[in-house]
Amino acid sequence: MKRLATAIVLLPLLILLIVKGTPFAFSCFIIIVSLLGLAEFYQMAMPDRKTEGRVAAVAGALVLTSFFPADRIVILTAISAFVLCFSLVILFRFRDIRQAAQESALMMMGLLYVPLLLGHLILLRNLEYGKQWILLMLVIVMSGDSAAYYCGSTWGRTRLYPEVSPKKSVEGSLGGLFGSIFGAVATKLIFFPQLSFLDCILTAVLLGVLGQLGDLFESLLKRSCGVKDSGTIIPGHGGILDRLDSILFAAPAAFFYAYFIFRP
């Protein structure tokens, strides 16, 4: 009930922001989400580096401001500055020299995993039909996730990847792909007629598969860090990363498909 109540409140607000909000307002929202998600990542991966993790989360979120003009030089400069600055932080503030390489890798991993991947939503929003593409991606991921859950609960027998996520099944994964295809076709018929049926199939399979892989990858990170949820900020759902896991992998693919392949 807590999960359902949270979804009833937050989902309409998210749709309203996507449909009615300006590109700037949407970008600011992504920056805030990135800040929260990155803070969760560093809390999981580097619990003994609270101060550095918080500063890195803010800096990583601010890197996303370079995505506003979609200028490759600006983006490259921002990412390079982050890498150089926090390499120096580790250099002069290491605690155990044997852990310095691991902590450096985790610091950079957070930047690549959350802001860099999530920043593609800002780029996607600024494309023609950007609103529709973001909604399409959400529908594909969410319908796939729901279908996978119910198909897995009903028919799941074959474990998909028990070392990482013991409850997920092959049957649930296949059901999720069919759910993603259904969601993509429904999106075309309801509010995105510029999509061809071939686009529906290709994007549903591409984003659906990547969404499931993103879910598995976040499960891997949590198991590696010894935590059940990435956080507790969303009642009934866990942390921001628990809700972003599929989107982080799907967002870049949605942008590149819309930019290079889609022809209305």
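These legends go with a set of close-up views of one predicted model.

**View 1. The middle of the largest nonpolar core.** This core has 65 residues, and the ones touching the most other members are Y42, F82, Y113, L121, W133 and M137. Helix α10, residues 240-261, puts in the largest share, with 12 residues. Zoom in on L121 and you'll find F26, I30, I134, M137, I247 and A251 touching it, leaving out residues up to four places away in sequence.

**View 2. A nonpolar patch on the surface.** Here I8, V9, L10 and L13 make up a patch of about 390 Å². I8 sits in helix α1, which covers residues 2-20. With a relative accessible area of 55%, I8 is over the 50% cut-off, so it counts as exposed.

**View 3. Y129 meets F262.** The model has 17 aromatic pairs, counted by ring centres within 6.5 Å. In the pair of Y129 and F262, the centres are 6.2 Å apart and the planes stand at 85°, so this one is edge-to-face. Y129 is in the loop between α6 (120-125) and α7 (130-155), while F262 is in the segment after α10, so the pair ties together parts 133 residues apart in sequence. Y129 is partly exposed, at 22% relative accessible area, whereas F262 is buried at 5%.

**View 4. W133 and Y257, a tilted pair.** The ring centres of W133 and Y257 lie 5.9 Å apart, and their planes make an angle of 55°, so the pair is called tilted. It's another link between distant parts of the chain: W133 belongs to helix α7 and Y257 to helix α10, 124 residues apart.

View 5. Ring pairs join F41, Y42, Y113, F217 and F249 into a cluster. Setting aside neighbours within four places in sequence, E218 contacts Y113, S230, L241, D242 and D245.

**View 6. E103 and R49 in a salt bridge.** The model has 8 salt bridges by the rule used here. In this one, the side chains of E103 and R49 meet at 2.8 Å, N to O. E103 is in helix α5 (residues 100-118) and R49 in the loop between α2 (23-45) and α3 (50-63), so to speak a link between distant parts of the chain, 54 residues apart. Both E103 and R49 are buried.

View 7. R93 and E52 pair through their side chains at 3.1 Å, N to O. R93 lies in helix α4 (residues 72-93) and E52 in helix α3, so the bridge ties together parts 41 residues apart in sequence. R93 is partly exposed, with 47% relative accessible area, but E52 is buried at 6%.

View 8. The closest N and O atoms of the R98–D96 salt bridge are 3.2 Å apart. R98 is exposed at 69% relative accessible area, and D96 is partly exposed at 27%. As for the network, salt bridges with shared partners join R49, E52, R93 and E103.

Methods. Residues numbered from 1 in each chain as written. Predicted model: local features only at pLDDT ≥ 70, side-chain atom pairs only at ≥ 80, totals over all residues. Heavy atoms only, no water. Core = buried A, V, L, I, M, F, W, Y, C linked by side-chain atoms within 4.5 Å. Buried < 20%, exposed > 50% of the residue type's maximum accessible area, 1.4 Å probe, protein only. Helix = DSSP H or I, 4+ residues; strand = E, 2+ residues; numbered from the N terminus. Contact = heavy atoms within 4.5 Å. Patch = residues over 30% accessible without salt bridge, like charges linked within 9 Å, V, L, I, M, F, W, Y side chains within 5 Å. Areas by Shrake-Rupley, 256 points an atom, 1.4 Å probe, with all protein chains shown as cover. Salt bridge = Lys/Arg side-chain N within 4 Å of Asp/Glu carboxyl O. Phe/Tyr/Trp six-rings, centres within 6.5 Å; stacked < 30°, edge-to-face > 60°.
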